[in-house]
Amino acid sequence: WHLWGEARPGEPPVVLFHGGSGSWTHWVRNIEPLVAAGRQVIAADLPGFGDSALPPSGGDADALVAPLADGLRRLLGGSPCDLVGFSFGGLTAGLLLAEHPALARRLVLVGAPAMGVTPERPFVLKGWRHLPTAEQQEAVHKHNLAALMFKDPARIDGLALALHIANVHRDRLPRRRLARTDMLARSLPRVRCPVAVIYGAHDALYQGWMPELEAAFEAAVPDFRGLALIPEAGHWVPFERPEAFDAAL
């Protein structure tokens with residue numbers, strides 16, 4: 001758990017869950033604005049990613065629910081947070097609050113998968129671990145960032161590439177499958193708090209399916225507060241378009 005800023009009376013901390021094959025650094029461009037706005041920020045390295053140990057058992061989002069619930073109770077003493085989950089972290093946040101609804105005052109899902117909308121995975125990622133040189137691996141990492149994470153490949157700068165490479169090397173949950181199901185859609189009816197969602201308008205997960213995606217959230221979420229689309233942004237919208245994302249958040 002990584003912490004910035006000071007807690008203020010009446011303002012719960014903002015807790016950030018990163019995406020798959022990531023770490024807290026998925027939020028590197030968004031933490032300072034939140035702190036400047038007067039919020040305390042807590043960003044997790046989810047179990048099995050970054051600097052965190054593997055979950056006690058299992059290898060997918062459902063295995064993270066118990067350790068994250070325990071961690072948040074230890075950190076916050078039972079008080080609720082404002083929870084923000086990006087991609088796989090959004091799926092994880094939905095599963096967490098379906099089982100432990102008192103942990104959050106509100107939930108914001110960013111680029112979340114597992115809504116059961118698209119018939120197949122609309123992009124192809126390349127393998128890199130078998131390649132013999134760092135240069136060859138770097139070329140594949142750039143391809144994968146362009147295929148999934150960014151709308152504009154020109155925005156894949158040195159920071160994005162360095163963070164991505166560091167994160168994928170520390171991903172110890174490589175066989176995740178729940179993101180390709182409708183698990184989030186089936187879990188959200190049990191989430192009691194208000195839920196809002198943010199997506200890049202060109203998110204590779206839902207290209208051509210945004211109306212269906214919004215309808216799926218409206219059908220699943222008891223207290224749905226709407227979908228915000230960030231123009232000229234892909235899946236990793238907090239990094240690619242940080243100012244627009246921070247304003248929406």
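Predicted model: local features only at pLDDT ≥ 70, side-chain atom pairs only at ≥ 80, totals over all residues.

Me: Why are helix 2 and helix 3 called roughly perpendicular?

Reply: The axes of helix 2 (residues 65-76) and helix 3 cross at roughly 70 degrees. Angles of 65 to 115 degrees count as roughly perpendicular, and the two helices are therefore described in that way. Their contact is made by Val 65, Leu 68, Ala 69 and Leu 72 of helix 2 together with Thr 92, Leu 95, Leu 96 and Glu 99 of helix 3. These residues divide into six nonpolar, one polar and one charged.

Me: What makes the pair Arg 105 and Glu 11 a salt bridge?

Reply: The N to O distance between their side chains is 3.9 Å, and the definition asks for a side-chain nitrogen of Lys or Arg within 4 Å of a carboxyl oxygen of Asp or Glu. The pair therefore qualifies. Arg 105 lies in strand 5 (residues 104-110), whereas Glu 11 lies in the loop between strand 1 and strand 2, 94 residues apart. Both also belong to a network of salt bridges with Arg 39, Asp 82 and Arg 106.

Me: How do you know whether Asp 171 is buried or exposed?

Reply: Asp 171 has a relative accessible area of 11%. Buried means under 20%, so Asp 171 is buried. Asp 171 forms a salt bridge with Arg 176, which at 19% relative accessibility also counts as buried.

Me: Why does Glu 11 count as partly exposed?

Reply: Its relative accessibility is 36%.

How values were computed:
Residues numbered from 1 in each chain as written. Heavy atoms only, no water. Axes fitted to C-alpha atoms, helices over the stretch in contact; angles between N-to-C directions. Helix = DSSP H or I, 4+ residues; strand = E, 2+ residues; numbered from the N terminus. Parallel < 35°, antiparallel > 145°, perpendicular 65-115°, else oblique. Contact = heavy atoms within 4.5 Å. Nonpolar A, V, L, I, M, F, W, Y, C, P; charged D, E, K, R; others polar. Buried < 20%, exposed > 50% of the residue type's maximum accessible area, 1.4 Å probe, protein only.
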